[in-house]
Amino acid sequence: MSLIGAPVDRVDGRLKVTGTAPYSGDVDLPRMAHAVLVLSTVANGRITTMETTDAARMPGVLAVMTHLNAWKLPQGGRAGVNPPAGRVLTLLQDDVVHFNRQPIAVVVAETLDQAEAAAREVKVGYAAEPAILKFAEAKPNAHAPEKANQEPTDSERGHISEDAFAKIEAVYTTPMEHHNPMEPHATVAHWQGEKLTLYDATQYISGCQTTIAKTLGIPKDDVRVVCPYVGGGFGCKGSTWAHVPLAAMAARQVARPVKLVLERPQMFGPVGGRPRTEQHLMLAADPSHRFTGTRHDVFSHTSMIEDFTEPSALQTRMQYDCANVQTSHRLVRLSVGTPTFQRAPGEATGTFALESAIDELAYRLKIDPLELRRRNEPPIDQDKQLPWSSRKVLECYEQGAKAFEWSARNPAPRSMTAGRMQVGLGMASATYPANRSAAAASARLTTDGILVVRSGTQELGTGMYTIMTQLAAQTMGFPLDRVRFELGDSLFPQAPVSGGSQSTASVAPAVQSAVAELRRKLVTLAVGDQASPAFGAPEDQVVIEDGAIGRRGEQRREPAVATLARTGNQSVEAEGAAKPGDEKKQYSMHSFGAVFAEVQVDPELGIIRVPRVVARYDVGRLLNAKTGRSQLLGGIVMGIGMALMEESVLDERYGRIVNANLAEYHVPTNADVGMIDVGVVDDADPYIDALGARGIGEIGITGVAAAIANAVYHATGVRVRDLPITLDKLLV
Ligand code: MOS
């Protein structure tokens with residue numbers, strides 16, 4: 001039986017539920033000191049006074065690092081910008097404050113309590129200057145970024161006529177959000193002579209290694225980054241933020257290992273978040289319900305020091321059949337921390353706007369919204385002018401609609417009830433690009449019969465340990481318990497960022513290649529080993545099953561490892577690497593899905609519940625039915641949060657996020673999540689890679705906010721175009 005696709009339990013499950021999986025913040029080293037960040041309290045200006053004497057005298061304090069005494073870095077701390085994940089960071093190199101909650105000092109003490117107490121005694125004086133904090137006021141100065149996630153900023157095909165049989169023009173907004181993985185950012189920095197080891201919570205160990213080496217001006221080989229477990233990332237750990245080099249600088253200054261863990265409020269500002277968007281949509285159709293014009297103009301905020309673009313219009317370029325399409329992305333500069341990728345950057349926010357507009361147009365046309373989408377199914381990617389590698393959207397619509405019983409829906413708004421509750425049923429399409437990058441892996445069979453496979457990838461809680469173990473076991477012909485997959489160390493063969501939903505499609509072919517090469521080496525040894533049951537067999541007649549080797553058609557088998565003891569008693573090793581070819585020049589590769597949501601709305605109080613979500617996805621081949629389903633469930637839950645709860649509230653006077661904690665920044669809890677039925681059209685993508693597996697990390701959130709917004713309209717007749725859909729927006 002194939003292990004590929006099987007619902008194998010997480011191989012790291014026991015470590016996690018027993019609390020023994022070592023996360024970065026758990027690292028404890030001899031003589032380790034604790035660091036605490038001091039953050040700015042103004043949004044723009046200069047530091048005029050920095051009183052550290054009292055803080056430095058407090059018990060246990062080892063150092064108070066500020067712009068006055070910190071390590072002077074090459075290029076003012078900007079030398080690490082642009083290598084993988086290199087951001088524009090503020091690293092105590094000058095007295096300038098660009099945003100509220102910018103790191104301006106680091107206090108290091110013997111204990112965390114001592115560092116926290118001393119951090120409160122650092123007294124800072126500012127010459128504050130006016131900050132730009134009002135999106136609407138700054139919008140007229142919006143500028144075009146160079147790129148929108150590697151794609152052109154603007155696009156245009158055909159010509160949009162102003163006359164249309166039916167047309168929707170509307171503005172949709174999504175708020176500033178902040179990722180809040182259970183594990184906050186955490187770094188332990190340890191210098192041994194010139195060598196730096198970082199235990200860092202990161203989605204990208206090799207990106208962190210490169211960024212830190214360049215930022216500090218030290219050789220890359222002197223930096224090792226270790227991260228065996230990540231307690232959730234969702235994009236915030238895809239870049240190396242200021243606290244990582246600051247931990248390294250502090251550790252150098254006190255000549256001891258230093259641990260720096262961000263406090264929950266510090267997650268709101270200095271380490272990115274989803275930018276606010278304002279999206280202008282125009283969608284037109286002809287009498288046969290075919291789209292004749294689509295315009296999608298996106299404004300999103302960025303910081304004063306760097307451009308980050310939320311590429312919300314990219315999916316609008318390819319998701320539906322339409323000859324006349326215009327899209328644009330513009331950035332609005334605010335005096336806030338630089339935003340970043342947050343789960344399905346672009347598609348999460350963009351599908352809210354586009355899929356809401358399609359629903360609005362369907363009501364205008366008096367046609368079923370699912371049927372309107374079906375009628376505008378694109379035969380090819382009209383933006384790239386390429387055929388799809390595989391696109392099973394219609395299957396997702398059909399299977400999702402059936403499971404949801406969409407046909408039982410009365411299309412009229414406010415027509416369905418359950419007791420005193422208004423019931424609404426809505427749907428939307430989901431999509432996310434299929435990405436892949438170069439990756440490498442190594443494989444070794446030890447003399448005690450363990451297949452050890454290594455790749456410098458990351459485990460974000462997604463299942464990398466498990467699916468790579470399955471894949472290695474399957475490729476080798478070994479049982480799962482004879483395989484150990486190791487990741488999260490920059491000494492291992494390099495793998496890409498665990499972002500852009502690309503880890504599986506990138507790392508799986510490398511693991512497969514390394515293990516297949518190892519298997520060939522083992523077979524060659526066995527064929528030349530007189531005592532082996534495979535002795536003298538043509539190599540293609542040698543079988544390894546359940547760890548035992550033999551010759552096809554013959555009964556005799558022995559443990560595959562037995563050959564090693566008779567042929568030099570050495571482990572066997574192999575390397576493998578894989579990279580995408582030019583398939584992306586020939587095919588447009590995306591994952592797809594359809595999301596159906598039921599809401600129940602209290603007509604007096606406006607409270608919205610989501611008792612039911614049904615979703616079907618075309619993600620290519622799923623390598624593990626259990627962890628894959630969990631990923632998609634998690635994305636949908638995050639989509640429920642995006643639809644109904646998540647919002648970072650910016651104080652437009654001071655530039656501080658006022659709800660910078662999990663009591664007031666709301667995310668769904670178990671009580672907020674009803675039944676979720678997730679399924680996949682399990683069909684390998686013939687072009688992405690040999691396994692046919694596209695990524696599944698991000699598509700789950702896409703479409704969910706629109707499906708819920710559309711359901712809320714169906715329930716109440718109120719069209720909410722501004723996320724999150726809180727009850728006040730229904731009490732109109
Ligand atoms: Mo994902 S937002 O690319 O980590």
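Strands β14 (residues 291-302) and β15 (residues 325-333) run parallel and are joined by nine bridges. The model is predicted.

**The five-stranded sheet**
- β14 and β15 belong to an open sheet of five strands, ordered β7-β15-β14-β13-β8.
- Pairing in this sheet is mixed.
- β7 (155-157) and β8 (166-174) are the edge strands, and each pairs on one side only.
- From one strand to the next, the twist averages 10°.
- Helix α8 (residues 347-365) lies across β8, β13 (277-285) and β14.
- The direction of α8 is at about 150° to β8.

**The α5 and α6 pair**
- Helix α5 (residues 205-216) and helix α6 (residues 243-254) have axes that come within 10 Å.
- These axes cross at roughly 55°, so α5 and α6 are oblique to each other.
- The crossing of α5 past α6 is right-handed.
- On the α5 side, the contact is made by C208, I212, T215 and L216.
- On the α6 side, V244, P245, A248 and M249 meet them.
- By class, this contact of α5 with α6 has seven nonpolar residues, one polar residue and no charged residues.

**The β26 and β27 pair**
- Strand β26 (residues 608-618) runs parallel to strand β27 (residues 675-680), with six bridges joining them.
- R616 has G679 in β27 as its bridge partner.
- Between β26 and β27 the chain passes through helix α15 (residues 625-644), forming a right-handed β-α-β crossover.

Key: Residues numbered from 1 in each chain as written. Predicted model: local features only at pLDDT ≥ 70, side-chain atom pairs only at ≥ 80, totals over all residues. Heavy atoms only, no water. Pairing = 2+ DSSP bridges. Helix = DSSP H or I, 4+ residues; strand = E, 2+ residues; numbered from the N terminus. Right-handed = clockwise from strand over helix to strand, strands pointing away. Axes fitted to C-alpha atoms, helices over the stretch in contact; angles between N-to-C directions. Contact = heavy atoms within 4.5 Å. Parallel < 35°, antiparallel > 145°, perpendicular 65-115°, else oblique. Left-handed = near helix turned anticlockwise from the far one by under 90°. Nonpolar A, V, L, I, M, F, W, Y, C, P; charged D, E, K, R; others polar.
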